[in-house]
Amino acid sequence: MKYKILTAFLVAGSLSVSCPGTAMAAGEDDERQYTTIYAHKDDAGRVLEEQFLDEEGSLVLNEKGYALEKDGYDEKGQVISRSYFDADERPVMITGGYAVIRNEYNEAGQVSAVSYYDESEAPVLVGGYARVEREYDKAGNISRETYFGTDGEPVLLADGYQMAEWTYDDAKRKLTERFYDASGEPVVTAKGYAGIDHEYDADGNATGDIYRNEAGEIAPLENGAAIIRRAFNDEKLKTEESYFDADNQPVMITGGYAVIRNEYNEAGQVSAVSYFDESDEPVLVGGYARVEREYDEAGNISREKYYGTDGEPAALPDGYQMAEWTYDDAKRKLTERFYDASGEPVVTAKGYAGIDHEYDEAGNATGDTYLDAAGEITPLENGAAIIRR
């Protein structure tokens with residue numbers, strides 16, 4: 001399917017097409033029903049209306065659920081309203097959950113408030129609020145947001161706060177985040193903290209996060225970490241992440257490790273992951289202390305090998321030390337094979353040494369065939385060797 005973007009200008013109250021616009025190709029499987037987008041502009045070049053039309057020139061819904069968009073401006077040319085309509089030019093709720101959005105501006109021309117409305121022009125919640133008010137620092141970064149409900153009263157977002165504040169460095173990276181309840185008091189959010197301090201290295205890598213409670217004290221998250229430190233290589237790839245308690249001492253998080261280290265291949269893919277405890281000694285996570293990975297040409301993980309705390313091959317709880325996978329062009333697994341430490345096929349605790357997967361044209365998983373160590377079709381404990389769907 002192809003669709004065109006045509007631009008039109010309002011001249012002396014009438015509409016005239018100024019140019020044929022640009023034809024853009026869409027994919028063969030594109031499900032859009034419109035073939036043309038008309039942008040109606042005034043003589044200042046501001047878009048007043050945007051219409052989505054089918055091959056007959058009739059309005060038709062686009063992928064976001066509207067066929068017509070109308071924009072309103074203030075005397076400074078700033079967009080103050082954006083309304084959406086269906087193919088019959090009736091107000092319609094778009095996929096974002098609103099039919100009208102209105103902006104307010106401060107003296108610097110920054111959006112100071114955004115409000116959302118439904119088809120009846122009644123306030124509507126979007127992301128947990130019907131209105132957000134914003135303040136900015138001298139560099140133009142958003143420094144505070146305050147959220148309100150459909151009744152105009154302060155409202156708590158799903159994460160449990162009504163106001164958020166941020167500070168930034170000269171590179172506009174967030175340095176601090178703080179969260180408050182409707183009375184303006186610091187509050188611990190659903191994520192387990194009332195504030196975060198961020199740290200960066202000279203290359204701009206995010207090297208640390210420090211979590212704080214409502215008293216501003218360093219406090220642990222649910223996983224046990226109060227401070228997270230990271231290291232990066234010259235390619236800005238994360239090579240290490242370490243966890244610390246409120247006293248800046250190494251701590252084991254709920255995942256079962258205190259440090260995780262990554263290695264990379266020449267393509268920038270993670271080629272190995274290793275886990276360590278508070279003393280920087282290798283530790284088992286999921287039955288292994290280190291996993292080494294290989295990839296196919298499409299970037300899928302094609303092989304994993306597992307190692308213990310002594311660096312020697314280690315069998316996982318399912319009974320294998322190495323696993324291999326192949327994929328189709330849609331990155332769906334076609335085959336799975338499992339091996340012991342000597343590289344020989346092994347029957348896992350699940351009763352098979354391999355699986356072959358099948359799919360239909362729609363991508364549904366239509367079949368699984370189970371294989372033994374000899375590559376022969378073999379039944380599982382339930383008696384089935386092949387499953388069809």
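Predicted model: local features only at pLDDT ≥ 70, side-chain atom pairs only at ≥ 80, totals over all residues.

**Exercise 1. How many aromatic pairs does the structure hold, and are the rings of Tyr-161 and Phe-179 stacked, edge-to-face or tilted?**

Solution. 
- Step 1: start with the total, which is 19 aromatic pairs.
- Step 2: look at Tyr-161 and Phe-179, whose ring centres are 4.7 Å apart with planes at 55 degrees, so this pair is tilted. The rule behind that word is that planes under 30 degrees apart count as stacked and those over 60 as edge-to-face.
- Step 3: find the two residues in the chain. Tyr-161 sits in the loop between S10 and S11, while Phe-179 belongs to strand S12 (residues 174-180), so the pair ties together parts that are 18 residues apart in sequence.
- Step 4: check accessibility, remembering that buried means under 20% relative accessible area. Tyr-161 has 12% and therefore counts as buried; Phe-179 has 6% and therefore counts as buried too.
- Step 5: widen the view. One aromatic cluster includes Tyr-129, Tyr-147, Tyr-161 and Phe-179 among its members.

**Exercise 2. Which residues have the most contacts inside the largest nonpolar core, and what is Tyr-147 in contact with?**

Solution. 
- Step 1: take the core as a whole. The largest nonpolar core has 55 residues, and those with the most contacts inside it are Tyr-98, Tyr-116, Tyr-147, Tyr-243, Tyr-257 and Tyr-275.
- Step 2: pick out Tyr-147. Leaving aside neighbours within four places in sequence, its contacts include Tyr-129, Val-132, Leu-157, Tyr-161, Met-163 and Trp-166.

**Exercise 3. In which strands do Glu-145 and Arg-134 lie, and is Glu-145 buried or exposed?**

Solution. 
- Step 1: a search of the whole structure finds 31 salt bridges.
- Step 2: one of these joins Glu-145 and Arg-134, with the closest N and O atoms 2.7 Å apart. Glu-145 lies in strand S10 and Arg-134 in strand S9, so the pair ties together parts that are eleven residues apart in sequence.
- Step 3: compare accessibility with the 20% cut-off for buried. Glu-145, at 11%, counts as buried, whereas Arg-134, at 23%, counts as partly exposed.
- Step 4: Arg-293 and Glu-304 meet in a salt bridge at 2.7 Å, N to O. This pair links distant parts of the chain, with Arg-293 in strand S19 (residues 290-295) and Glu-304 in strand S20 (residues 301-307), eleven residues apart.
- Step 5: Arg-293 is partly exposed at 23%, and Glu-304 is buried at 12%.
- Step 6: look for shared partners. Salt bridges join Asp-209, Arg-230, Lys-238 and Glu-241 into one network.

**Exercise 4. In which sense do S15 and S16 pair, and how many residues lie between them in the hairpin?**

Solution. 
- Step 1: begin with strand S14 (residues 206-212), which pairs with strand S15 (residues 227-232) in the antiparallel sense over three bridges. Here Ile-210 stands opposite Ile-227.
- Step 2: move on to strand S16 (residues 238-244). S15 and S16 pair in the antiparallel sense over six bridges, and Arg-229 has Ser-242 of S16 as its bridge partner.
- Step 3: follow the chain through the turn. S15 and S16 form a hairpin with five residues between them, and Lys-236 in the turn has a positive phi of about 65 degrees. Lys-236 is partly exposed, at 44% relative accessible area.

**Exercise 5. Where is Asn-141 placed, and which residues is Asn-141 in contact with?**

Solution. 
- Step 1: locate Asn-141 in the loop between strand S9 (131-136) and strand S10 (142-148).
- Step 2: list the contacts. Leaving aside neighbours within four places in sequence, Asn-141 touches Glu-135, Tyr-136, Tyr-168 and Lys-172.
- Step 3: follow one contact further. Lys-172 is in the loop between S11 and S12. Its phi is near 65 degrees, a positive value in a residue other than glycine. At 45% relative accessibility, Lys-172 counts as partly exposed.

How values were computed. Residues numbered from 1 in each chain as written. Heavy atoms only, no water. Core = buried A, V, L, I, M, F, W, Y, C linked by side-chain atoms within 4.5 Å. Buried < 20%, exposed > 50% of the residue type's maximum accessible area, 1.4 Å probe, protein only. Contact = heavy atoms within 4.5 Å. Pairing = 2+ DSSP bridges. Helix = DSSP H or I, 4+ residues; strand = E, 2+ residues; numbered from the N terminus. Phe/Tyr/Trp six-rings, centres within 6.5 Å; stacked < 30°, edge-to-face > 60°. Salt bridge = Lys/Arg side-chain N within 4 Å of Asp/Glu carboxyl O.
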